[in-house]
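Here is a short report on one protein model.

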Amino acid sequence: MIRGRLLSCRPFFHSSLVAPMPSHHPSARKVLTGLTGLLLIGLALALGSGVTRLDWVALLRDPLGQANAGQALILWQLRLPRVLLAGLIGAALAMTGAAMQGLFRNPLADPSIIGVTSGASLGASVVIAGLSMFGVGAGTLGLSGLIAGAFLGGLITSALVYRMASAGGGTSVVMMLLVGLAVAALAGAVNSALAFVVDNEALRRISLWQMGGLTGASWQQVQMAAVLMLPALLLLPRQALALDALLLGESEARHLGVDVTAVQRQLIVLVVLAVAAAVALAGVIAFIGLIVPHMLRLWLGPQHRLLLPASGLAGALLLVLADVLARSLLPPAELPLGILTALLGAPLFLSLLRQRQLFLPA
């Protein structure tokens, strides 16, 4: 029913978009097949990149490493979980960014607009600082405690931002941006206060973690990422038609039969779950959720049936290649992944802003 009504509203639908329609529409199958092929190439490149060169002929003959345990250990226990974790996190950040841009009808939106990134960062920092201040070893709560802290922090801050932006009925994008900005500033101040009072070891952990990175990636982290992120990666595309309708505006979407409030809540819960897990596992990685869906929207158009899965594939590819670059620039040291994505993403986004002359709606 929603699909038919959207087709009948197509002229108005196209004129209400934040990004112009591309001159041609590549087929969904070709786009997704091409991105999948590029992702597989990127995964293979990432597995082969590193200080130690792998003997692929020997590994193919003896994949379990009975003759060469060292090479098998590097492949199966170090590189493969890191590459898979990078792919999951990149896909989650990019797809949630596409969902946020559609939900708030704004090409400048990303998961940080609802406070989830800053809140998750603060929640994980509180866990690290709390363990240090009470003399509890870092391994006592382990990764599960860090993820729990990040998720609670992201949930609380995003709920606060959403509640304040929805006061008086409807959801104000400008209010969402302003409240999100204030929450991010408050979270940054609390993080700075925590850094001031904790000991040197906890300070180092907080600082390195906030720079973002995949050092020490393990199969346990991959399993946690899959459990927490796959629901969002599988369920967000099911909201494609609702997001298309929301591009018309909330009142028009309601006339098309969309339960706007339910859709907003479902999307925000999925975004909080995926992004909080990403922040807990890899720290703060900037611009993936902003740049990837924004560029794909300019190329593919606004329809979320294609945009959401394409963003997931492209985000996974971008973060996998960024991690390869982070490992290759200063060997044997690694450049923090969050720093690298910010250095690459910020100039690119500023260039897009200048070319497209995108501004926030009044």
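Ala346 is partly exposed, with a relative accessible area of 25%. The cut-offs run as follows: buried means under 20% relative accessible area, exposed means over 50%, and partly exposed lies in between, using a 1.4 Å probe and protein chains only. Ala346 sits in helix α16, residues 337–356. Helices here are DSSP runs of H or I with at least four residues, strands are runs of E with at least two, and both are numbered from the N terminus.

This is a predicted model, in which local features need pLDDT of at least 70 and side-chain atom pairs count only at pLDDT 80 or more, while totals for chains, interfaces and linings use all residues. Residues are numbered from 1 along each chain as its sequence is written, and side-chain values use heavy atoms, with hydrogens and water left out.

Which residues does Ala346 touch, not counting those up to four places away in sequence? They are Phe287 and Thr341. Contact means heavy atoms within 4.5 Å. Ala346 and Phe287 are 59 residues apart in sequence, yet their C-alpha atoms are 7.3 Å apart in space.

Phe287 is found in the loop between α13 and α14 (288–300). Phe287 is partly exposed, at 25% relative accessible area. Its phi is near 75°, a positive value in a residue other than glycine.

Gln101 belongs to helix α5, residues 69–103. Is Gln101 buried or exposed? Gln101 is buried, with a relative accessible area of 1%.

The side chains of Gln101 and Arg297 are joined by a polar contact of 3.5 Å. A polar contact is a pair of N or O atoms within 3.5 Å; within protein, one must be able to donate a hydrogen and the other to accept it, and residues adjacent in sequence count only if both atoms are side-chain atoms. Leave aside neighbours within four places in sequence, and Gln101 is in contact with Asn106, Pro107, Ala109, Gly289, Leu290, Pro293, His294 and Arg297.

Asp244 lies in helix α11, residues 240–246. Asp244 counts as buried, at 6% relative accessibility. Asp244 and Leu103 are 141 residues apart in sequence, and their C-alpha atoms are 8.9 Å apart in space.

Helix α3 (residues 28–48) packs with helix α15 (residues 304–328): their axes come within 9 Å and cross at roughly 20°. Axes are lines fitted to C-alpha atoms, for helices over the stretch in contact, and angles run from 0 to 180 degrees between N-to-C directions. α3 and α15 are therefore roughly parallel to each other. Angles under 35 degrees count as roughly parallel, over 145 as roughly antiparallel, 65 to 115 as roughly perpendicular, and the rest as oblique. The crossing of α3 past α15 is left-handed. Left-handed means that the near helix is turned anticlockwise from the far one by less than a right angle, and right-handed that it is turned clockwise. The residues of this α3 and α15 contact divide into 19 nonpolar, two polar and two charged. Here Ala, Val, Leu, Ile, Met, Phe, Trp, Tyr, Cys and Pro count as nonpolar, Asp, Glu, Lys and Arg as charged, and the others, Gly among them, as polar.

The axes of α3 and α5 also come within 9 Å, crossing at roughly 140°. α3 and α5 are therefore oblique to each other. The crossing is right-handed. Leu43, Ala46, Leu47 and Gly48 in α3 meet Leu75, Arg79, Leu80 and Val83 in α5. By class, that is six nonpolar, one polar and one charged.

## α6 against α13

Helix α6 (residues 116–133) packs on helix α13 (residues 260–282) at an angle of about 45°, with the axes 9 Å apart. That makes α6 oblique to α13. α6 passes α13 in a right-handed crossing. Val116, Thr117, Ala120 and Ser121 of α6 make the contact with Val271, Val272, Val275, Ala276 and Val279 of α13. The contact has seven nonpolar, two polar and no charged residues.

## The whole chain

The protein chain has 16 helices and zero strands. Of its 362 residues, 49% are buried. Among contacts between residues at least 6 apart in sequence, 79% join residues at least 24 apart.
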